[in-house]
Amino acid sequence: MELPNQAPEEGSSQHHQKKMGRGKIEIKRIENTTNRQVTFCKRRNGLLKKAYELSVLCDAEVALVVFSSRGRLYEYANNSVRGTIERYKKASAASSNTESVSEANTQFYQQESSKLRRQIRDIQNLNRHILGEALSSLSLKELKNLESRLQKGLSRVRSRKHETLFADVEFMQKREIELQNHNNYLRAKIAEHERAQQQQQQEQEQQNLMHGNMCEDQSTIASQTYDRNFFPVNLLDSNNHQYSRQDHTALQLV
C-alpha cells in the first residue's frame with residue numbers, strides 16, 4: 001500500500017512532464033475554418049507585437065502589412081507605411097543600380113576636385129597680384145579693383161598697427177610709473193640706511209670720546225696721588241741730620 005505523502009517515481013514524473021509539454025505543430029494549411037481563423041488571430045497579434053518590440057528595442061523602422069484570407073487589411077508602422085515603402089523602393093533601386101551610383105559618385109568627386117583646383121589657382125594668382133607680380137595679364141578694371149582692395153587692406157593694416165603702438169605706449173608708460181615708484185622706494189631705503197650708519201658712527205665717536213676722558217681723569221688722579229706720597233731726598237737727609245745733631249747735643253748735656 002502506497003503512502004499518500006510518498007513522492008512518485010522519477011520515471012513517472014518525467015513521463016508526466018512530457019505529456020504536459022507543448023507539442024510540435026506541423027506547418028501546413030489548416031483545413032478547419034474555425035481553427036484557421038483562431039490561429040490567424042493569435043499569430044497576427046503575436047506578429048504585430050513582435051514588430052512593435054523590434055521597433056522600440058532596436059530603434060528600427062518597421063512596416064508590417066497583413067491581408068487575411070477574406071481580404072481584410074491589417075498593418076503596423078512606427079513611422080508610416082507609405083514612407084517605409086517609398087524608402088524600400090529607393091533602397092531596392094539603389095541596390096539594383098549600384099554601378100550607376102558609383103559612376104555618379106566618381107563624376108561628382110571629379111567635379112569637386114576640379115573646382116578645388118580652380119580655387120587654388122585663383123588664390124595663388126591673387127597672392128602674386130598682391131605682391132605686384134604677373135600684372136601684365138590684368139585689364140584696367142581688374143587693376144583698379146586690385147588697387148582698391150590693396151588700399152582697403154593697407155588702411156586696415158595701418159589701423160591695426162596704430163592700435164598696437166598705442167597699446168605698447170600705454171603699457172610702457174605704466175611700466176615707467178611702476179619703475180619710478182620702485183626707484184623712489186629704493187632711494188628711501190638707501191637714505192634710511194645711510195642715516196642709520198651716520199647715527200651709529202656718531203654714537204661710536206661719543207663712546208670713544210667718553211672713554212678718552214675717563215682715561216685722562218684716571219691718569220690725573222693717579223699723578224696727584226703719587227705727588228702726595230712723594231718726599232724729596234734732601235728734605236729727608238736734612239731732617240735726619242738735624243735729628244742726629246739734637247741727639248748729639250742731648251748726649252753732651254747729660
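**Cysteines, rings and a surface patch**

Mentor: The structure holds 0 disulfides. Please keep in mind that this is a predicted model.

Trainee: Is Cys58 buried or exposed?

Mentor: A residue counts as exposed when its relative accessible area is over 50%. Cys58 has a relative accessible area of 52%, so its class is exposed.

Trainee: How are the rings of Tyr52 and Tyr76 arranged?

Mentor: A pair of aromatic rings is described by the distance of the centres and the angle of the planes. The search of the whole structure finds 3 aromatic pairs. For Tyr52 and Tyr76, the centres are 6.4 Å apart and the planes stand at 80°. Planes over 60 degrees apart count as edge-to-face, so this pair is edge-to-face.

Trainee: How many residues apart are Tyr52 and Tyr76?

Mentor: Tyr52 belongs to helix α2 (residues 33–57), and Tyr76 to strand β2 (residues 73–77). The pair thus links distant parts of the chain, and the separation is 24 residues.

Trainee: Which residue lies over the face of Tyr74?

Mentor: The distance from the ring centre of Tyr74 is 4.3 Å. The residue over that face is Arg44.

Trainee: What accessible area do Val65, Phe67 and Leu73 have together?

Mentor: Val65 lies in strand β1 (residues 63–67) and is partly exposed, at 42% relative accessible area. With Phe67 and Leu73, Val65 forms a nonpolar patch on the surface. Their accessible area together is about 290 Å².

Conventions. Residues numbered from 1 in each chain as written. Predicted model: local features only at pLDDT ≥ 70, side-chain atom pairs only at ≥ 80, totals over all residues. Heavy atoms only, no water. Phe/Tyr/Trp six-rings, centres within 6.5 Å; stacked < 30°, edge-to-face > 60°. Helix = DSSP H or I, 4+ residues; strand = E, 2+ residues; numbered from the N terminus. Lys NZ or Arg CZ within 6 Å of the ring centre and 35° of its normal. Patch = residues over 30% accessible without salt bridge, like charges linked within 9 Å, V, L, I, M, F, W, Y side chains within 5 Å. Areas by Shrake-Rupley, 256 points an atom, 1.4 Å probe, with all protein chains shown as cover. Salt bridge = Lys/Arg side-chain N within 4 Å of Asp/Glu carboxyl O. Buried < 20%, exposed > 50% of the residue type's maximum accessible area, 1.4 Å probe, protein only. Disulfide = S-S within 2.5 Å.
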